[in-house]
Amino acid sequence: MSVVDRQEWDVVVVGAGGAGLRAAIEARERGARTAVICKSLFGKAHTVMAEGGIAASMGNVNSGDNWQVHFRDTMRGGKFLNQWRMAELHAQEAPQRVWELETWGALFDRTKDGRISQRNFGGHEYPRLAHVGDRTGLELIRTLQQKIVSLQQEDFRETGDHESRLKVFQECTVTRVLKEDRVVSGVFGYERESGRFFVLQAPSVVIATGGIGKSFKVTSNSWEYTGDGHALALLAGAPLLNMEFVQFHPTGMVWPPSVKGILVTESVRGDGGVLRNSEGKRFMFDYVPDVFKEKYAESEEEGDRWYDDPDHNRRPPELLPRDEVARAINAEVKEGRGSPHGGVFLDVSTRMPADVIRRRLPSMYHQFKELADVDITAEAMEVGPTCHYVMGGIAVDSDTAAARGVPGLFAAGEVAGGMHGSNRLGGNSLSDLLVFGRRAGRYAAEHAAGRADGGRRARVDDAQVDAAAAEALRPFSAEAHEPADGPPENPYTLHQELQQTMNDLVGIIRREAEMKQALEKLAELRVRARRAGVEGHRQFNPGWHLALDLRNMLLVSECVARAALERTESRGGHTREDHPSMDRRWRPAHLICSLADPAGEAAGDPATTDPERGRIALERQATEPIRPDLLALFDKEELVKYLADEELEGRSE
Amino acid sequence: MSGYEARFRVWRGDVEGGGLQDFTVEVNEGEVVLDIVHRLQATQAPDLAVRWNCKAGKCGSCSAEINGRPRLLCMTRMSVFTREETITVTPLRAFPVIRDLVTDVGFNYTKAREVPAFVPPADLGPGEYRMMQEDVDRSQEFRKCIECFLCQDTCHVVRDHEENKPAFAGPRFLMRVAELDMHPLDAAGDTGLDRSRTAQDEHGLGYCNITKCCTEVCPEGIRITDNALIPLKERAVDRKYDPLVWLGSKIGRRSRDGS
Amino acid sequence: MATGTEPPATDDRPPGGGVHTPTRAAIRAPHLRTDRWWLAPAATAAGLLAFVVYSTWRAFANADYYAAPYVSPFYSPCLAENCEPMRSGPNWELFGTWWGISPAIIILIFPLGFRLTCYYYRKAYYRGFWASPPACAVAEPHKKYTGETRFPLILQNVHRYFFYAALLVAGILSYDTVLAFRDEHYAWGHMGLGTLVFLANIALIWAYTLSCHSCRHIVGGKLRHFSRHPVRYRMWQWVGRLNARHMQLAWASLVSVALADFYVYLVASGAFDDPRFF
């Protein structure tokens, strides 16, 4: 079989969103021949959906801002579970990464004195988000895309070939990271257009595939978010970290049904929008948790004054971190004070003149007008929580973005875990992409250079390629393999059942019994997924693509469910009805998922692994203590609320 | 409005050939055409090829032609059609077809590479850029482009004349030239690159006869013709057909585009 | 494995280019639009044609274009010796006795050229008369297309010179409107229905002329840094707002100029008596 196209590259980047493109730019600028692989067309990655902005403490609007404040906000938002070194690097490097975008042609909105304008956002103490209206993600992706084109133009001038040093393989899917002697040797994938397989041999692979939202029914994520990178890393032997933390964005559209889940940007609240229940009450004032009590307004008047005079007033509670707002909305709806379609009201129409709304929130205006026939300058929006982001991800080294345990594997962006702790602040994801995308690109290039010098480049052996090809072709022969098990399963049906299961049983509010039930359902789906069959041929066949993505979604969903069952507290993006409060004893604990039977998996044939038994092993790991100088940025009284007793003792010494 | 059965005709096939295939499919309240295409995939045609991504009109992937008009599948609500109407969905007809509703949009990526990138000013480092909002407004409008390529598809210069493709960048990329030419800090001029002139000489601006179909189909409402193409034509006239401006630039003072 | 499903009944492909290029989706119909796409180009063509017929008749008529104090905008300024005498103008005998045909021809060339090269009218007649394209995504009938890249259409680039000329013409028509505040004995301080017609016409002529794309470019569009030219920026914004209505203004002023002429014709030919207000 193994007559597949093989190419040699130094660095292969899987994913062409913000992190992937930033990594590719960095790797190429450091001299590595770099290939980028993406499932969509170049420039269509899910990053375009980011609306609010890029968090960076440039201090253009409020000069009181600096990296320490940003670091503090990030740690608070993540309830101190963040991999603190990542949060530190992120806060320190974000301004440079934003300014660099300007030199590549980005055009952010401006302040009066011509600098980059910054807006308020939930959880950020100062106006911090560099933005372009409410289409910042589009600006980011387009800028990076155009930077890549400019590098290709440079290469064309020198070599006569645009793609000699930096090539984008668009509409391709990677199904396996290949290894030789425990070290990364490349990737196996197929072209979606033709169905042809290919192997890119490379000593460094950067995974930047984004999130897992498509495992949930109500989600703001696009079809690409099937947890591919998480699964690729798991299958390659790298562990995942804290997968129980899934962020439900408080404001997604709830009506009409076909757009349920589509994001309503947080800028709506940052710019003055308020949340009301069916009784017309601004209910968020009732939901300010103790740890945030001093930082948020207690009356509507004070909250309203804050927009104009942030130095002498506290911010309105609509701008609490996302997890708090999402839970509050959930509770209101549950207690019967929801809107007609099962959400709550988000209103800007009574807060700003119509032309200001249209200017500051153009795509929201457009989105509601076009998709829901709602004029947001005249009436309130209906919104409810939607699965938005996974804080958990591939466990990485903070400085180098290298995946633990697999030399040559790197991860950046949403697919990497740790940076955001248990909950991500709005605006921190775009800066995360840039900061760690660049770092991943840099260290991937260095790793590749090291391998090249030693002349120890691994060559992918044919057996591995054959196994990967057989796995990818399985859906076409589902019927032939096991006639006794009944007819092949429809992958679309399986996907819908998976989404329903995760949404209902491992959703925003979790209960032990339900999660156990979810694990049983996942086991059943796993068995059935082996019989997922498809019709037609390999050329641009969406049924086939979905059948292959199911493997990844099932793996990742199991991680989420197992970790969520294990963590018996509520923290950030993980809320347990049976353990409703944060437990300081869980602060220093990370939950690590890895394959239960790596040997069996490595053999390639999924038939050897018992589908009934879970494929994931869970392990609890102690976190590295937070560096004292970083802890010193917080008040003692605040730390007492978060840190476990033994950590506090360590500090007082 | 409750559910009903709608009649659809969807083009299926590939470069070898194909045709319109009839379907009857359920439609529910508030749905868009992309929802119906997905329902067809899930229930009747699992291998029906379609490109899509964000389903919110932000990524520009699901471009196709509905009843002969270039549109985004995800932003076309079913409520704009009557229940009796047969809705015809075909791939973009200006580009080579790959399969079903998916076309090869490589033309656009080729053209993107032909437009020289932003040239950063040599004397400014990162963080030193100062630009006024009124100076970036124009280019920002063009940067709203989601690259759905509907304008490229509808433009008769290439839609009806395949042979013009090598010479003509299309509205999207002429707009990109305009965007860079209006960027307050682009230093292309310092490298000897005159973007207004190349719009005419290298990117085929002269082919445009400003019949405005690009503006008509733009899902982002960008006024491509009025704000990008015509200003670019006027700038080209400055360079090439206006003796007064030409004379002025020779005499001096106007070294950089008259600022 | 990986076998093809049967494609649906094949719609055989007519030979040809454009949407029938062999690599594109095989669809026989040159377009699949179901709406009345032909309505807009047909209406445009009909409207323009009507104006062409009317203005040709009036321009060559060489009669009934002056009824003191009103002069038809088609004949203003009147530059030949054979013009009817008008007190205070606007007739200047730049052309001598050798000019035998209608004096309208001398001057009409400028507004005609302005409108002919106007970015809106170009769209209108390319679509309406030339079917290039007839409507969006409707295949055009031509085998070859070079747009405005070569002679004669490359001459469209002279639009701005016609704009300068149109400014002069608009200035003279404004003067005519001022003169319309006289009565038939040239006494000042009077006003009739014709004065109102002239006022409406000149307002629309100015609005159309100033909303021109070339004008927008000249007043500010050519600048790179608006922030350094606040006055020109304001002017650019103002012209831009007018420019957004360029199409409406083009039609409105076309109709108003014909109406103003027709009004003068009615009064001059004695078919109608200009009602005087004071």
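Which residue takes a positive phi just after α10(A)? A:Asp373 does, with a phi of about 60°. The legends below describe a predicted model, in which local features need pLDDT of at least 70, side-chain atom pairs count only at pLDDT 80 or more, and totals for chains, interfaces and linings use all residues. Residues are numbered from 1 along each chain as its sequence is written, with chains lettered from A and ligands numbered from 1 in the order in which they are written.

View 1. Helix α10 of chain A covers residues 362-372; helices (H or I, at least four residues) and strands (E, at least two) are DSSP runs, numbered from the N terminus. Its buried residues are A:Met364, A:Tyr365, A:His366, A:Gln367, A:Phe368, A:Leu371 and A:Ala372. A residue is buried if 20 or more other C-beta atoms lie within 10 Å of its own, exposed if 12 or fewer, and partly exposed in between, with C-beta atoms placed from the backbone. The cover over these buried residues includes β13 (246-253), α6 (267-270), α9 (354-360) and β16 (381-390) of chain A. A:Asp373, with its positive phi, comes just after the helix.

**View 2. Chain A as a whole.** Chain A has 20 helices and 20 strands. Its radius of gyration, taken over C-alpha atoms, is 24 Å, close to the 26 Å that the globule rule gives for 653 residues, so chain A is as compact as a globular protein of that length. The globule rule is 2.2 Å times the number of residues to the power 0.38. Along the principal axes, the C-alpha atoms fill a box of roughly 70 × 60 × 60 Å. Of the 653 residues, 61% are buried. Among contacts in chain A with a separation of 6 or more, 74% join residues 24 or more positions apart; two residues are in contact if their C-beta atoms, placed from the backbone, lie within 7 Å.

**View 3. The largest nonpolar core.** This core has 339 residues, and those with the most contacts inside it are A:Val206, A:Ile207, A:Phe410, A:Ala411 and B:Leu174. A nonpolar core is a set of buried Ala, Val, Leu, Ile, Met, Phe, Trp, Tyr and Cys residues joined through C-beta atoms within 7 Å. Helix α16 (residues 542-566) of chain A gives the most to the core, with 15 residues. Domain 1 (4-103) and domain 2 (106-251) of chain B both give residues to the core, so it lies between them.

View 4. The domain assignment gives domain 1 (4-103) and domain 2 (106-251), with bounds that come from an automatic or database domain assignment. Their centres, taken over C-alpha atoms, are separated by 32 Å. Twelve residues of domain 1 are in contact with 13 residues of domain 2. On the domain 1 side, the touching residues divide into seven nonpolar, three polar and two charged. Here Ala, Val, Leu, Ile, Met, Phe, Trp, Tyr, Cys and Pro count as nonpolar, Asp, Glu, Lys and Arg as charged, and the others, Gly among them, as polar.

**View 5. Helix α1 of chain B.** This helix spans residues 33-43, and its buried residues are B:Val33, B:Leu34, B:Asp35, B:Ile36, B:Val37 and B:His38. They pack against β1 (4-14), β2 (17-27), β3 (63-66) and β5 (86-90) of chain B.

View 6. Chain C has eight helices and four strands. Its radius of gyration is 25 Å, well over the 19 Å that the globule rule gives for 278 residues, so chain C is more spread out than a compact globule. The C-alpha trace spans about 95 × 50 × 40 Å along its principal axes, and 40% of the residues in chain C are buried. In the interface, 52 residues of chain C are in contact with 56 residues of chain B. On the chain C side, α3 (119-128), α6 (213-221) and α7 (230-243) are the elements that give two or more residues. The most come from α3(C), with five residues. That side divides into 20 nonpolar, 19 polar and 13 charged residues.

View 7. Residues 187-208 are 73% helix and 0% strand, with end C-alpha atoms 31 Å apart. Residues 249-268 are 100% helix and 0% strand, and their end C-alpha atoms lie 28 Å apart.
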